[in-house]
Amino acid sequence: MTPAGNDVAATWSALLAARSGVAPITNFDARGFPVRIAAEVKNLSPELVEQATGDRKLLKLANRSHRFALVAAAQAFADADIRPTADTATRWGCVVAPA
């Protein structure tokens with residue numbers, strides 16, 4: 001999950017093409033600020049998060065940062081070709097903390 005792409009393939013493609021992820025700010029009204037561009041993660045749809053987690057209720061509890069982490073974790077599991085199950089639930093974890 002980067003400003004250049006929402007998965008490894010899209011990010012890598014953007015990097016190879018020297019495409020920047022910097023664009024006008026869309027997450028809030030930036031008209032009152034001297035800088036109105038940023039490197040925001042784009043197109044994080046609720047459907048993408050629901051697809052990654054399989055849990056619609058989780059969307060109500062997760063803020064934007066949590067959603068990035070959930071989608072990135074699901075992508076990492078898929079890339080590694082592993083899937084946590086109830087039997088292996090104690091072997092997996094995700095820690096989210098303020099920067």
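## Exposure, helix packing and an aromatic pair

Asp81 counts as exposed at 70% relative accessibility, where exposed means over 50% relative accessible area, buried under 20% and partly exposed in between, using a 1.4 Å probe and protein chains only. The structure is a predicted model, in which local features need pLDDT of at least 70 and side-chain atom pairs count only at pLDDT 80 or more, while totals for chains, interfaces and linings use all residues. Residues are numbered from 1 along each chain as its sequence is written, and side-chain values use heavy atoms, with hydrogens and water left out.

Asp81 is placed in the segment after H4, and although Asp81 is not a glycine, its phi is positive, at about 60 degrees. Helices (H or I, at least four residues) and strands (E, at least two) are DSSP runs, numbered from the N terminus. A positive phi is also found at Ala18, again a residue other than glycine, with a value near 55 degrees. Ala18 belongs to the loop between helix H1 (8-16) and strand E1 (23-24), and with a relative accessible area of 71% Ala18 is exposed.

The next topic is the packing of two helices. Helix H2, which covers residues 46-53, packs against helix H4, which covers residues 64-80, at an angle of about 50 degrees and with the axes 9 Å apart; here the axes are lines fitted to C-alpha atoms, for helices over the stretch in contact, and angles run from 0 to 180 degrees between N-to-C directions. H2 and H4 are therefore oblique to each other, since angles under 35 degrees count as roughly parallel, over 145 as roughly antiparallel, 65 to 115 as roughly perpendicular and the rest as oblique. The crossing of H2 past H4 is left-handed, a word used if the near helix is turned anticlockwise from the far one by less than a right angle, whereas clockwise gives right-handed.

Which residues of H2 and H4 meet? From H2 come Leu48, Val49, Ala52 and Thr53, and from H4 come Arg67, Leu70, Val71 and Ala74, where contact means heavy atoms within 4.5 Å. The residues of this contact of H2 with H4 comprise 6 nonpolar, 1 polar and 1 charged; Ala, Val, Leu, Ile, Met, Phe, Trp, Tyr, Cys and Pro count as nonpolar, Asp, Glu, Lys and Arg as charged, and the others, Gly among them, as polar.

Thr53, found in helix H2, is in contact with Leu58 and Leu70 once its neighbours within four places in sequence are left aside. At 22% relative accessibility, Thr53 counts as partly exposed. Ala72, which lies in helix H4, is partly exposed with a relative accessible area of 32%, and Thr85, in the segment after H4, counts as partly exposed at 40% relative accessibility.

| Pair | Apart in sequence | C-alpha to C-alpha |
|---|---|---|
| Thr53 and Ala80 | 27 residues | 16 Å |
| Ala72 and Leu61 | 11 residues | 17 Å |
| Thr85 and Phe28 | 57 residues | 39 Å |

Phe28 also takes part in a pair of rings. The structure holds 1 aromatic pair, and because the ring centres of Phe28 and Phe33 are 5.9 Å apart and the ring planes stand at 80 degrees, this pair is edge-to-face. Rings of Phe, Tyr and Trp (its six-membered ring) pair if their centres lie within 6.5 Å, and planes under 30 degrees apart count as stacked, over 60 as edge-to-face and the rest as tilted. Phe28 counts as partly exposed at 45% relative accessibility, and Phe33 counts as partly exposed at 45% relative accessibility.
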